[in-house]
Amino acid sequence: MTIKIDQLRFDEHGLIPAIVQDVHTREVLTLAYMNAESLKRTRETSETWFWSRSRNELWHKGATSGNKQKVIDVIPDCDGDALVVLVEPSGPACHTGETSCFHSAQYVHTNLGLILEQLYSLVKERDKNRPEHSYTTYLFKEGIDKILKKVGEESAETIIAAKNDAIEPLVAETSDLLYHLIVLLVVRGVSLDQVRDELLKRRAAK
């Protein structure tokens, strides 16, 4: 973290809002506040420290719950009066046990990018732990040839569904294809960030 505390604009109470975001999924986890001391400790420990406005004291996230947040970067906005804190969370960010404090059903179920990131993370977890009776575990055990075969089958079924008037089969087959493509990306070690970056390059070139 190369952020310079003396270049930030704290409010009249010596605080600055900090938007905590999962570095991998880009999901917004919480909004908290930092002062100069908590930001200093965040930088020194590479874990999130905040200032609790209700308790009027420093607050080390996860000190009691164990749900700490490893800080990857702290990014100020253009005016220097707000921060984005990119973290790798080791547990839920919300005191309710939810991953994010912004866990409304509408947000979770309508953000396609977030859903794909969550699916990618789940598939990676299945690859690592290989739980029994999991279809994803079965695919990983069968290996790359089986996964490629399934991608081919789902591609063909998506094409067939697209030839028909009904939309529902196309939606279902597209979902199956996306799932198997993510399994393929995981087994080949390709991240969604790499796919995103390639799409951004292509968009810039158009």
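**Salt bridges, helices and a hairpin**

Colleague: Are K150 and E154 buried or exposed?

Modeller: K150 is buried, and E154 is buried too. Buried means under 20% relative accessible area, exposed means over 50%, and partly exposed lies in between (1.4 Å probe, protein chains only).

Colleague: What kind of model is this?

Modeller: This is a predicted model, where local features need pLDDT of at least 70 and side-chain atom pairs count only at pLDDT 80 or more, while totals for chains, interfaces and linings use all residues. Residues are numbered from 1 along each chain as its sequence is written, and side-chain values use heavy atoms, leaving out hydrogens and water.

Colleague: Back to K150. What does K150 form with E154?

Modeller: A salt bridge, with the closest N and O atoms 3.8 Å apart. The term means a side-chain nitrogen of Lys or Arg within 4 Å of a carboxyl oxygen of Asp or Glu. Both residues lie in helix α5, four residues apart, about one turn of the helix. Helices (H or I, at least four residues) and strands (E, at least two) are DSSP runs, numbered from the N terminus.

Colleague: Which residues are linked in that network of salt bridges?

Modeller: K150, E153 and E154.

Colleague: How many salt bridges does the structure hold?

Modeller: 11. One of them joins K201 and E198 at 3.4 Å, N to O. Those two sit three residues apart in α7.

Colleague: Why does K201 count as exposed?

Modeller: Because its relative accessible area is 55%. E198 is at 32%, so E198 counts as partly exposed.

Colleague: New topic. How many residues does α6 have?

Modeller: Helix α6 has 21 residues, 168-188. From first C-alpha to last it reaches 30 Å, close to the 30 Å expected at 1.5 Å a residue. The expected span is 1.5 Å times one less than the number of residues.

Colleague: Which residues of α6 are buried?

Modeller: Among them are E173, L177, Y179 and H180. Just after the helix, G189 takes a positive phi of about 75 degrees.

Colleague: And the strands? In which sense do β5 and β6 pair?

Modeller: Antiparallel, over seven bridges. Two strands pair if DSSP finds at least two bridges between them. β5 covers residues 69-76 and β6 covers 83-89.
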